[in-house]
Amino acid sequence: MFIPSLNVADPSQVALKTSIGYLGSVIIENANVESIKSLIQETGSTLYWAKAESVDQAVQLWDAGVYKVIFSVDTFSTAHAENELNGIPEERIAVQGSVTQLGQLTQPLPSSLIVDTSVGDALNTEALHSFAKTVRSQLLPQGGERRVIVNEGSDSLVTLEAIAKLNVVNLDVIISAAHLTAQEEEQGKINIGQAFLVTATTDRADGLFTTMVVDERNTALGLVYSSVKSVSESLKTGQGVYQSRNRGLWYKGATSGATQSLIRVDYDCDGDALRFVVKQHGTGFCHLNTRTCFGTDTGLSALQSTLQSRKENAPASSYTARLFNDPKLLRAKIMEEAEELCDATDKDEVAWEAADLIYFALTKCISAGVSLEDVEKNLDKKARKVTRRPGNAKPKWSETTSVATPDKKEEELKKEENGRIAMMTYDLKDITAEKRSELLLRPIIDSTEIIGRVTPIMKDVRQRGDAALIDLTAKFDRVQLECPTLKAPFDEKLMQLDPQTKAAIDQAYDNIFKFHDAQMDRDTLTVETMPGVVCTRFARPIERVGLYVPGGTAVLPSTTLMLGIPAKVAGCSEIVIATPPRPDGSVVPEVLYVAHKVGASHVLLAGGAQAVAAMAYGTQTVPKVDKICGPGNQYVTAAKMVAQNDTSCLVSIDMPAGPSEVLVIADKTSNPAYTASDLLSQAEHGVDSQVVLVAVDLTDAELAAIEDQIHIQASRLPRVDIVRQSIPKSYTLKVKTLDEAVSFSNDYAPEHLILHNDKPEELLPKIMHAGSVFVGQYSPESCGDYASGTNHTLPTYGYSRMYSGVNTLTFVKHITSQQLTADGLNRLGDTVMRLAEIEGLEAHRNAVAIRVADLRK
Ligand SMILES: NC(=O)c1ccc[n+]([C@@H]2O[C@H](COP(=O)([O-])OP(=O)(O)OC[C@H]3O[C@@H](n4cnc5c(N)ncnc54)[C@H](O)[C@@H]3O)[C@@H](O)[C@H]2O)c1
Ligand SMILES: N[C@H](CO)Cc1c[nH]c[nH+]1
Ligand SMILES: [Zn+2]
């Protein structure tokens, strides 16, 4: 059982209805962001629900502090199909529709369904049956807070009863504020207390409700009883009013002066006990003059009261008074205690230091007129935002990177059987040829559906340019930008890095530059194919290039290096870099620093298909480019394919890309911990990353050692949740010989190949297909991913059979030329004329004949 919600037309009605603020959720029919922000500010309540017509509008409402957003069945279904609700907790969503519409929903339902009786849905048995089925199959198994709310209409009681009989979920009622007028009440049509208690029940013989009274921080003040009348009185007056079992209506504090201001009223899960949240004035709730009937306060409440009274009348010589009067001293103490807390290690020490820090932090709050309730409201508000800041510390505090603390010992993890992170195992000698072929395949990607999704996005960017980029970034990345592009020279302040980061990027830059510079084709190739016939070939940069740097699940400055350096070496004159913005709308400073180093002219703060479209077609602020390179998720890849096929935009792409992958060949000489670490370094990229171990003649014990290491190391990774999904989709193939291993690897054509065998360099000549090879135990793939010099943007999905990874030549094209002397033409003439004759192309033949005739006169 839950309390009724109240429905109001617009925020102004909330102010008119003082009683509403004390009750459950308030549903605002016509809320806009500004009005709801000021309402939340004014009333301090966060239990507002509001209707939204799109996910964009919903995000704004959620961020403004609205608890639940109500979608129509249609908006909900569309948003779901387009994955726009990913990451939004389901308790922040309600769907409203008729019984029939709700019953027909196939998408996973959120926790609240609002049955709208006003849409004239016939409440027939079939509709009710389908509704019950949906609710049973989708809501009940999930547990948690599940509610069906009946929007009050003329037939609401009939609906309520009908739905109640289905016995599928908790029921609530929405009562329209329009019915809460004094007039209606006088006419006996509605009584707010009655309305409030409509779904409550009491098992007490006297019909009263047991009522718990708590303060703003949920500290119990005491136990009382309520009746319909006392609840009505309380809601109307905004005071604590209860029902004394022997003295009738009890206006708390009427004689003692210890009155209460009402904050909120609700009731418990089975609707038989009420809770009044109040601000207690005067000496306290208890007749013994203590604040609570359970004795004096302790903990934070007590500290707050003490600090409050010290602020009002502490002797000037007391330490707390000094703190209040000396902001510098207070600041120093907060810093000192924060440092001590960070350095504390054992349990007692951490509790001790945290208590000290909280004492000084609360002193700061009280001196600024901020209460614990204000702090708690702030925490609740932050928890309710759906767009998030990245949570990185400011550079000044972030010098030491945190390492995931291994919370379990290696021996313990080794023995763990439940939830073990393990790959599947096959033995080459036991599998059929079909199974071997199946193992070579990657998961099938259905690009038609994704192309269907990205096409309208790209069309929108083509038509509306920057305005579309801004809207789509708000929609998919939940970031509201003012301008999507940064133009060089970039603001130094946006690329501030700590010295270690800068040094690491600089070192990686130098190595990658050196290797890619050496690849540059600077010399003209000149060949005299026969005397007097000279052919040449020379390279020219592709002028304008667009580089996509992914930013969805991980921030990738390394990909900026891998794409930007070869483009710079090749001499591209316009380098545009696109990358999704951070949640606060800013650019990743490391990415901007590299953009600056490679001489990018623009950084586009957008991701996905919209970024690719902007670079392919150009917008008001994004230059159109000739080639788009770089990895990305399925939307990015599909958009690159669409752009490449659109001859009207004239753009090419580097290669088809898919999720990262690695194949490791390991024999008896391999180090199990190293082998496991290499497999995991790719498995952590994404849930669809595939890693393959080809184990050469390993005993069961040798293989088990690698498997143990996979579980142990994976369990300690911060991205263990991703690894838990990618590792079970990956596999180990046991083979007897190195030749079998190499032959399988060549057929698989991996993006990365790591050789953990004896004399690994001797295997290289046999490797026919791979994006990049890592030779021997001291060459982890991570080195190639970041800093050794080779490129990490490589062909996946088996495309290493025919594609190279990104390299300097990706950013150039070749032009050929020829020059023939008279003698040369004379020598070659007959051959050309004969071939033209065979093809029946007389004009071709003639172009030679006309000259040769002169020469042979
Ligand atoms: N092969 C390589 O060299 C290499 C290197 C680095 C990363 N990667 C791969 O790149 C990929 C990066 O993917 P990512 O998602 O982290 O970042 P991403 O930058 O590729 O994609 C994020 C963008 O996707 C768009 N998007 C998200 N949901 C959408 C939706 N429902 N409809 C339309 N657009 C939507 C958003 O605009 C968002 O900005 C991973 O698969 C990773 O393995 C590959
Ligand atoms: N391994 C990825 C390519 O498949 C590249 C990368 C970037 N950062 C870390 N790794
Ligand atoms: Zn990697």
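Biologist: Which protein donors does the zinc ion (ligand 3) have?

Modeller: This is a predicted model, in which local features need pLDDT of at least 70, side-chain atom pairs count only at pLDDT 80 or more, and totals for chains, interfaces and linings use all residues. Residues are numbered from 1 along each chain as its sequence is written, chains are lettered from A and ligands numbered from 1 in the order in which they are written, and side-chain values use heavy atoms, without hydrogens and water. Donors are N, O and S atoms within 2.8 Å of the metal (3.2 Å for Na, K and Ca). Lying 2.2 Å from the zinc ion, the protein donors are His-685 (NE2) and Asp-785 (OD).

Biologist: Is Asp-785 buried or exposed?

Modeller: Buried means under 20% relative accessible area, exposed over 50%, and partly exposed in between (1.4 Å probe, protein chains only). His-685 has 35% relative accessibility and therefore counts as partly exposed. Asp-785 has a relative accessible area of 11%, so Asp-785 is buried.

Biologist: How much of ligand 2 does the protein bury?

Modeller: Polar contacts are pairs of N or O atoms within 3.5 Å. A nitrogen atom of ligand 2 lies 3.1 Å from a side-chain N or O atom of His-685, and a polar side-chain atom of Asp-785 is 3.0 Å from a nitrogen atom of ligand 2. Taken alone, ligand 2 exposes 290 Å² (Shrake-Rupley method, 1.4 Å probe). Of that area, the protein buries 91%.

Terms used: Polar contact = N/O pair within 3.5 Å; in protein donor to acceptor, adjacent residues only side chain to side chain.
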